[in-house]
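Colleague: I am new to this structure and would like to learn how to read it, one feature at a time. Could we look at it together?

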Amino acid sequence: MKQPIMLVTGASRGIGAEIAKMAGRSGYKVGVNFHRSEKDAREVVAEIKDNGSSAVALQADVGDSAQVAKMFERMDAEFGTLDALVNNAGMLSKFNVSATEIAPLSEVFSANVFSAFYCSREAVRRMSTAHGGRGGVIVNMSSVAARTGGLGGGAAYAATKGAMDSFTLALAKEVATEGIRVNAIRPGLIATEIHNAHGGLEQMERLAKAAVPLARSGSVTEVAEVALWLASGASSYVHGAIIDVSGGR
């Protein structure tokens, strides 16, 4: 039986790293994408290999179309055609709309939205039965900010995640007859260092206790479990869905 292949973008830390490591434990060969955090990415790769699977660190700014194309070519050479893509790469931003400048706005849209278009383009070209592929799964990482508006100064971030929700629904319709399932996850307050942009983990935990019905933050493992389920045959009739992993928030 062929060992399945997964590529996780932004997989050097946080949710992406946990998805990559869990995929390795679940029997996937894993592409671990990173932009700048090479040391962290190689640690993720090492852990996957220590647990008996195969992995490769893939450097690319996934907001850059040319770099994405080269990353997929390297993935092809290392493992063959992928079966699952997790569009996890992204960044927080914090600035008021009244202070909007081109550079920070472009940066957050490039990281959070353009990256998903570029990576999905390459995945669809390889997975689609219309292009001779065998099908596959795409999982996009959104956020509850898409429907709550996010935290203070988070309009740009929330807008990118709203775009991710719409992109997921549209792509699901586009490739439904080509053997590709497309879904998204909307995490809520998850305990990762990305929250340093909004005061750090302690402030996030206080917010979680006040605003989340389960009165706690979530863990990266709780998000990764959903990602692996969506990538598996256990979710074979789940398509065009956006699943909240938010403790009821």
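Colleague: Leaving aside its neighbours within four places in sequence, which residues is H239 in contact with?

Modeller: Please keep in mind that this is a predicted model. Once those sequence neighbours are set aside, H239 touches A172, K173, A176, I180, R181, V182 and N183. To place the residue, H239 sits in the loop between α8 (220-231) and β7. One of its contacts, N183, is 56 residues away from H239 in sequence, yet the two C-alpha atoms are 5.8 Å apart in space.

Colleague: Is H239 buried, partly exposed or exposed, and why?

Modeller: H239 counts as partly exposed because its relative accessibility is 31%, and burial here would require a value under 20%.

Colleague: How should I read the sheet, and in which order do its strands lie?

Modeller: Strands of a sheet pair through backbone hydrogen bonds, and the pairing can be parallel or antiparallel. In this model 7 strands make an open sheet with parallel pairing, running in the order β3-β2-β1-β4-β5-β6-β7. At the edges are β3 (55-59) and β7 (242-245), each of which pairs on one side only. On average, and with direction ignored, neighbouring strands of this sheet are turned by 20° against each other.

Colleague: Which strands are joined to β6 by bridges?

Modeller: Strand β6 (residues 180-187) is joined to β7 by 4 bridges, and the two run parallel; within that pairing, A184 stands opposite I242 and P187 stands opposite V245. There are also 6 bridges between β5 and β6, again running parallel, and V182 in β6 is the bridge partner of I138.

Colleague: What covers this part of the sheet, and which strands does helix α6 touch?

Modeller: Helix α6 (residues 155-175) packs on the sheet and touches β5 (136-141), β6 and β7, with its direction making about 165° with that of β6.

Colleague: How many residues of β6 are buried, and which lie on each side?

Modeller: In a regular strand the side chains alternate between the two faces of the sheet. For β6, 8 of its 8 residues are buried, with I180, V182, A184 and R186 on one side and R181, N183, I185 and P187 on the other.

Terms used
Residues are numbered from 1 along each chain as its sequence is written. This is a predicted model: local features need pLDDT of at least 70, side-chain atom pairs count only at pLDDT 80 or more; totals for chains, interfaces and linings use all residues. Side-chain values use heavy atoms; hydrogens and water are left out. Two strands pair if DSSP finds at least two bridges between them. Axes are lines fitted to C-alpha atoms, for helices over the stretch in contact, and angles run from 0 to 180 degrees between N-to-C directions. Contact means heavy atoms within 4.5 Å. Buried means under 20% relative accessible area, exposed over 50%, partly exposed in between (1.4 Å probe, protein chains only).
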